[in-house]
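Please read it alongside the sequence and the coordinates shown here.

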Amino acid sequence: MNNDTWILKYWPLHGAAPVFLLWYTDTDKENTDKLFTFKTGEIFATHSLNDLKATIIQNFDAINEFENLKSWLNDFENLDLSEVTVYDMPKMYAAVKAREFEMETLEDLTNFINLFGDYVHQIDSNKYLMPLAYNKYLRKAWDYFYDSVFWPRFNDKDRFETWERPPFKVNAVKLTQGLEELIESFEGNMIVLN
């Protein structure tokens, strides 16, 4: 089974139901992480996880085929579809807006910034989105997460559990505005099928 392609369950900020995206590691020399897109550059999304394979096949001429897509589709019935990564935008956005900067919120925020960054960097025509990804308030949250949560937890989990993290200080209004722009741009570049 190909472990270089992942299904993401994405809850849009103002959506009533989740959509499903594909994220994969390209076989280029840099092993770039990319979102599955249409040839036009928009992000491929579907409301139906059960119909994901059929939806891809029906739209095959319009999508950007990646090297392992056909083998992934051939092995689709063997995938554990219960193991998907979840991006819950309403939950994360509400926590940021309420200034509840718990570890989970900071991790969710950082993961979304990284996902958006993967999209920005996957093709040159997305470079215009770079200022959104490098918003200084979002980057401050991103830096704080890696400096005060990710690396300390990774390097010494036992010590991390008892360590008192420094407080996260940011202009929460500007951070929320930057996050709104990031989410709106991401969701505005998505085509949802089904």
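The model is a predicted one, in which local features need pLDDT of at least 70 and side-chain atom pairs count only at pLDDT 80 or more, while totals for chains, interfaces and linings use all residues. Residues are numbered from 1 along each chain as its sequence is written, and side-chain values use heavy atoms, with hydrogens and water left out.

**Packing of α3 against α8**

- The two helices, α3 and α8, pack at an angle of about 165° with their axes 9 Å apart, where axes are lines fitted to C-alpha atoms, for helices over the stretch in contact, and angles run from 0 to 180 degrees between N-to-C directions.
- Helices here are DSSP runs of H or I with at least four residues, and strands are runs of E with at least two, numbered from the N terminus.
- The crossing of α3 past α8 is left-handed, meaning that the near helix is turned anticlockwise from the far one by less than a right angle, clockwise being right-handed.
- On the α3 side the contact (heavy atoms within 4.5 Å) is made by Met89, Met92, Tyr93, Val96 and Lys97, and on the α8 side by Leu175, Thr176, Leu179, Glu180, Ile183 and Glu187.
- By class, this contact of α3 with α8 has 7 nonpolar, 1 polar and 3 charged residues, with Ala, Val, Leu, Ile, Met, Phe, Trp, Tyr, Cys and Pro counted as nonpolar, Asp, Glu, Lys and Arg as charged, and the others, Gly among them, as polar.

**Packing of α3 against α4**

- Helix α3 (residues 89-97) and helix α4 (residues 103-122) pack at an angle of about 120°, their axes lying 10 Å apart, which makes α3 oblique to α4.
- Here too α3 makes a left-handed crossing, in this case past α4.
- The residues in contact are Met89, Lys91, Met92, Ala95 and Val96 of α3 together with Glu104, Thr105, Asp108, Leu109 and Phe112 of α4, and they divide into 6 nonpolar, 1 polar and 3 charged.

**Nonpolar cores**

- A nonpolar core is a set of buried Ala, Val, Leu, Ile, Met, Phe, Trp, Tyr and Cys residues joined through side-chain atoms within 4.5 Å, where buried means under 20% relative accessible area, exposed over 50% and partly exposed in between, with a 1.4 Å probe and protein chains only.
- The largest core has 40 residues, and those with the most contacts inside it are Tyr10, Leu21, Leu35, Leu109, Phe112, Leu179 and Phe186.
- At least two residues of this core come from each of β1 (5-11), β2 (19-25), β4 (43-46), α3, α4, α6 (136-155) and α8 (172-188), and α4 gives the most, with 8 residues.
- A second, separate core of 18 residues includes Phe44, Leu49, Phe76 and Leu79.

**Individual residues**

- Glu187 lies in helix α8 and is partly exposed, with a relative accessible area of 22%; leaving aside neighbours within four places in sequence, Glu187 is in contact with Tyr10, Pro12, Leu13 and Met89.
- Most residues other than glycine have a negative phi.
- Arg99, in the loop between α3 and α4, has a positive phi near 60° and counts as exposed at 53% relative accessibility.
- Asn194, in the segment after β6 (190-193), has a positive phi of about 75° and counts as exposed at 52% relative accessibility.

Technical notes: Parallel < 35°, antiparallel > 145°, perpendicular 65-115°, else oblique.
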